[in-house]
Structures are given as C-alpha cells and as structure tokens.
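Student: I would like to learn how to read a structure like this one. Please show it to me.

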Amino acid sequence: MLRTTAAWRISIWTTLAFALGTGLAFAIVYLLVAQTIRERSDAWLSGEAEVLAQVSADTPNDHLYSRIVGEVAELATRELPDERNSQGQRLNSVFFLAERLDGNESPLWVGPGSSEVFRKAIQGANLGQGTPRSINVEGWPTPFRVVARPIEGRETTIYLGLSNQADMHVLHNLTGRFLQLWGGTALLGFLISYTSARRTLLRVEHITETVARIGSEDLGKRLPESTNRDEISRLAQTFNLMLDRIQSSVNQLRSVTDAVAHDLKSPVTSIRGTLESALCCEPNEKWRDSVGEAIENLDRLLSLLNTTLDLAEAEAGALRLDRGPVELAGIIRKFLDLYQPAMDERHHEVVADLEAHMVVNVDLSLLSRMVSNLLENELAHLPPGCCIHIRLRSQQGSAELVIEDNGPGFPPEIASRAFERYVKGNQSPGHGLGLAFVDAVVKAHGGAVQISERPAGGAVITLSLPAIILQPVLT
Amino acid sequence: MRLLIVEDDVAIRGFLERALSEAGYQVDTAKDATGGELMALEGIYDAFIIDLGLPDMDGLNLIARCRAQGGSAPVLILSARRSVDERVKGLEQGGDDYLTKPFALAELLARLRNLLRRPSPAHNDPVRLEAADLQLDLVRHEARRGDQLLQLTPQEFSLLEYLCRNAGRVVTRTMILDHVWRMRVDPATNVVDVHIYRLRSKIDPVGHAPLIQTIRGVGYMLEKA
C-alpha cells in the first residue's frame, strides 16, 4: 500500500542518490588521506634507511658494530610520536633488521618482539630495492611499510619497517564515525523528503478525490484554489478551467437536446391530438384503422427520439438524475409481474431469485426504463420456450443483477459492442438502443454492465449498482 | 365547466380548444402569460391548462402569480421538457397535475376530469361497479359476468376495476400502467395488450363480442352498456 505511493518512490530515489553522492565524496577523501599518510611514512622510511645505510657503511665491522648501528636504529625509531591506544600499547611500530647475505652471522635486530616473524614476512615478500612496500606481518593488525637497502661492500641488506598504526587508527575512527553519520543523515534525508513529498502529493490526492466526486450531477463544484501559485495550485486551476469547459458543453448539449425535444414535440403533439380527435368522430372503420396506425407510428418515432436524446445526454455525462432510495427487489418484482403474461405468451419460464432489502440511490424513472428495456430485450430476442433466470445479490457493496437465459446468446458479430448505439443483431426487431440505454443509465449511476456467454449456451447480462443499504433492515 | 388554455403553439391551442369543446367544456384560450393572467384574474374558470414554455413568462411563474392573487382553480401543466423538474412534481402534490407532450387526448381528458372532481373525493367511492352485464364487488373482490363468477388474479381484478371505473371512456396504455401498476413509464412493447387479451379470454364467453374494445392508436374502452 505504502510502496505504491509516489511519495515513497520519490523519497527512496532521493535518499539513494544522496547516500551514493556522500558515500562517493567520502571514499575520495579517504583515499587521499590514506595516500598522504603512506607518502609521509615512505619519505621517512627512505630517509632513515639512507642514514642507517651510511652509518652501517662507515662503522668498522668490529665488535662495536652491532652496538653502534643498534643505537642509531634505536634513536631513529624514537623519532616517531609515542602514541598509545587505550590499552597502553604503542601504536607506532618500527623495526630495523640488518642481515648478511651469506647468513654467516646472526642478523642485527632492533624492533618489537622476535625477529623471526618479520624475517619470514620479508623473505616471503621478495622486496625490491629502494622502494617501500606494504608487507603483512603475522600478529600485527596493520601492514608494515618496509624498505630494503643494500650496503655496498658489506654483503649486508638492511630493512627498515614502519607500521603507522596511529594514523591508520585515526583514519579508521574517522571511517566509523562517517558511517554512523552517513546512516543517520540518509535516514533523516529520507524522512524529510518523504514527509515533504507526502505533503505535496496529499494535495494532488485531494484534487483527485474532489474531481472524482464531481459527477454529472454537481458539475458546478470547483476545486479550492490556494493563493500561492505553485505547480499544484496551477493543476487545480487547470482542472477548474476544464470543469468550466465541461460544464458549458454539458449545458450546451442539454439546451440543444431540450430545444430539439421542444421543437419536435410541439408539432407532434398537435398532429397527434388532431389525429386522435379525428378518431373519435370518424365512423368509417377503415379510416379509423389508418388514423390509429398513424398515431402508433408517431408514438414509436417519439420513443425513439426520446431514447436518442437521453442517450446523447447520458453518454456525455449530462443526464439529469433525480435520485432517491429505491428497493431493488420490489421494483424488479413489479416489472416481472407486468411482463409475466407477455413471457407466458412466448412460453418463457422466468425464475426470479431476488435478495430483499437492497436499497440503491437511483433515478426511479430511469431505473424503471432500464429494467423494462432488459425484459423487452429478452422478449424480443429469445425464441419461444426459453428459461430466463434473474438473480439479485449483494456483492461487495454493490447490488448485482444477473439476467441469464438459455437462448441463442448474442450474435458473435455484436457481442463485443452490444452496448453501442444502433448495434443490433440482423434478426433483431428493435432499433438497437435498448442495451445502449441500459449501459448509459448504469454508468451514470456509477455502476457497470457486462455481457457474457453462458457455458451451456445463452446470454448473461450482469449489472452492478452501488448499493446504500445491503443488510436487512431490523424494525 | 369553464376552462382556460394558456398555450403559445397555435396548432396545439387549436386542437385542444376543439377537442375540449367537443367534450362539453366551455373553453377560452390565451397565447401568452400576460393575456392568460388577465383572463385568469376574472375568476370565472374552473380549471387551467397551462403550457410551461410560454414566450413571455415561465408557466410556473404564471401559476404562482395567479395563486398569489387568490386564484384557487386546479391547474393542468403541459410540459415539453423530457425530464419533469422538482417544482412541477411539487405542484402535483399540491393538487395540480402535469402532462408531458405529446400526450394522448384521452389522458388529458381523464386528468382534467380528475382535477375537477377533486373537491369531494370521499363521496362517490362505490363498493360496487357495473358495466354492461359485468358486476364488480370491490369489498369482496369478486367479479361476475351475468351470473357467472369470474376467476381473476388480483392483478386482473385491478385492471378490470380500472376499466370499469372508466367505462364508456377510452383509457390509454400509459394510463393503465400508471393506475394499475403505479408506473409512469411508456409502454414499449405489447405488455399491456397481453394483459388485456388475458382478461378478455376470462370475461368474454366463447362466441361473444369482446366487452373490452381496442381503440387503435389510443387504447382500450370498456363498453358501458
């Protein structure tokens, strides 16, 4: 539910972009700092190695050699700041190793602990000469930068190693803090962007709800326009302009249909009236018959005209609904009573299964015409002796009316567009407006109609209308 | 009985005047609201027939103005609008009536009779109805043709009762639907006809001329004698 909202998606993407950006910036800073630290240690290492090599070369190789070189090395290691961690261990470690190539004498070692692990690490690393390299030493958390320096004429190589743990420690601390801050900021950013996006989009949602509520009945309603002219209030203004246009075209359509109705009805009324009064005084049976037929045709023309105008209005959403609560089962039963003899005459069997107490808020006269259209449709299209099943049920807040027959069903050529105007089967006697009218009326009331084929053959028309009361009323 | 017709369409005015005169009313006509109002204020009319769409004033305004000046005669409103608006329906509750154009003359006459009869409704509410050799007992819901008891469904009885009450006059299908089924809809197919055929088959003995006559283009009529 939450994940389908635009506010959620917008804030996720902003947060992602933000986190990615800050992460990248930190990574660059981290790499720069780490490189600076390494360059600094490397410069120190190279310098010290040079000094030590000089001292080693200049000191005569007697019994004092180890002591002198050892002292110098010791002094060199002291040049580093004496930083200690919380457990009191020295953070910066330096070692010095002078090793004879032939391995005759034991190597000279100045550094923490035994020289063995360092020697093993150096031998495994295959150090080049002059350039410092990182070497992992067993038992030490950070690698040592080690430089190798051969001493000419002595067959000896000295190694100087530095583990700049204090600086690395600072860098690690920095990274840890950054990660915490980073997470916090991303979360805060997400919350802020979600809240602001949600606030903005709630206004859009409000517009959507209001516009959905503005139906054909209350086209006069408008969205509230706030004073600040941001995108959303412009959206509301655009909607209002659009509603103005819709309202004016609906009004135009209504006045046109009213004018057509009025202009046609006045002459028809006088023609019909004149014919009818002629009928009363005309003794000749043959004439009376002709006049009667003329009146009947006039009535058919009028019903066609009325339905066409109603349809035009309904399809434009301009149908005027005079709504009131109607108990569906009652009204349908009344129509079934009315149509029963006509059904009997065609030997149709009508089975009604109507759930009572279902009240819909509809225009009664439109609903009546709709129900009679549905029944007329059955009468007109079924061959004699069919069975018509009419069911009325409550279905998820709606009243569902299903009319099912075991006739030939809808001809395939019209099945997909049976609700369009003037669409009818070749054999159909009607004018093709009946179902179009049903569809228009149901839609005007916020319902839906669909037709389908019964598996065993026959047509099914399913109609649903939003109900206002579904439960039996307790009195 | 004296009627005033206020209608701007000359053809409609003409045939209404003719038909109503033939039906035994004294008829005056006006072609607009101004003229109609002046005539109405004379206070000599028993009923008015007023068109809603008058050129100079809305028919409803005319009625309101007449009422405001003390006119109390019932009004039959003629409307060419397809949907009948609230105000017109309100008038119907106030004792007046409306008809949408085009209307059947038979229905206009029936509604007019109804409007004019209104002051004493309870008086002539019979318990028995008779037409030709047909007798209806409205209390026991029994119908007899001669001395033959007819087997009718409640619906058929209501239909026959309505025809009997209007014996000798033409009733339209719309009127039958309105009074017997309480539906104000236009009959599209022959639903009402089928009911009449059924009723005929029950009330007419074999070989007899039908008691209920079909008036083609208009409706049905039960013979009075």
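Student: Which residues touch the most other members of the largest nonpolar core?

Tutor: This is a predicted model, where local features need pLDDT of at least 70 and side-chain atom pairs count only at pLDDT 80 or more, while totals for chains, interfaces and linings use all residues. Residues are numbered from 1 along each chain as its sequence is written, and chains are lettered from A and ligands numbered from 1 in the order in which they are written. A nonpolar core is a set of buried Ala, Val, Leu, Ile, Met, Phe, Trp, Tyr and Cys residues joined through C-beta atoms within 7 Å; buried means that 20 or more other C-beta atoms, placed from the backbone, lie within 10 Å of a residue's own. Here the largest core has 109 residues, and Val441(A), Val6(B), Phe48(B) and Ile50(B) touch the most other members.

Student: Which helix gives the largest share of this core?

Tutor: Helices are DSSP runs (H or I, at least four residues), numbered from the N terminus. Helix H10 (residues 434-444) of chain A gives the largest share, 8 residues.

Student: How are two packed helices described?

Tutor: By the angle between their axes and the distance between the axes. Axes are lines fitted to C-alpha atoms over the stretch in contact, and angles run from 0 to 180 degrees between N-to-C directions. In chain B, helix H6 (residues 154-165) and helix H8 (residues 191-203) pack at about 90°, with axes 10 Å apart. H6(B) and H8(B) are therefore roughly perpendicular, a term for angles of 65 to 115 degrees.

Conventions. Helix = DSSP H or I, 4+ residues; strand = E, 2+ residues; numbered from the N terminus. Parallel < 35°, antiparallel > 145°, perpendicular 65-115°, else oblique. Buried ≥ 20, exposed ≤ 12 C-beta atoms within 10 Å, placed from the backbone.
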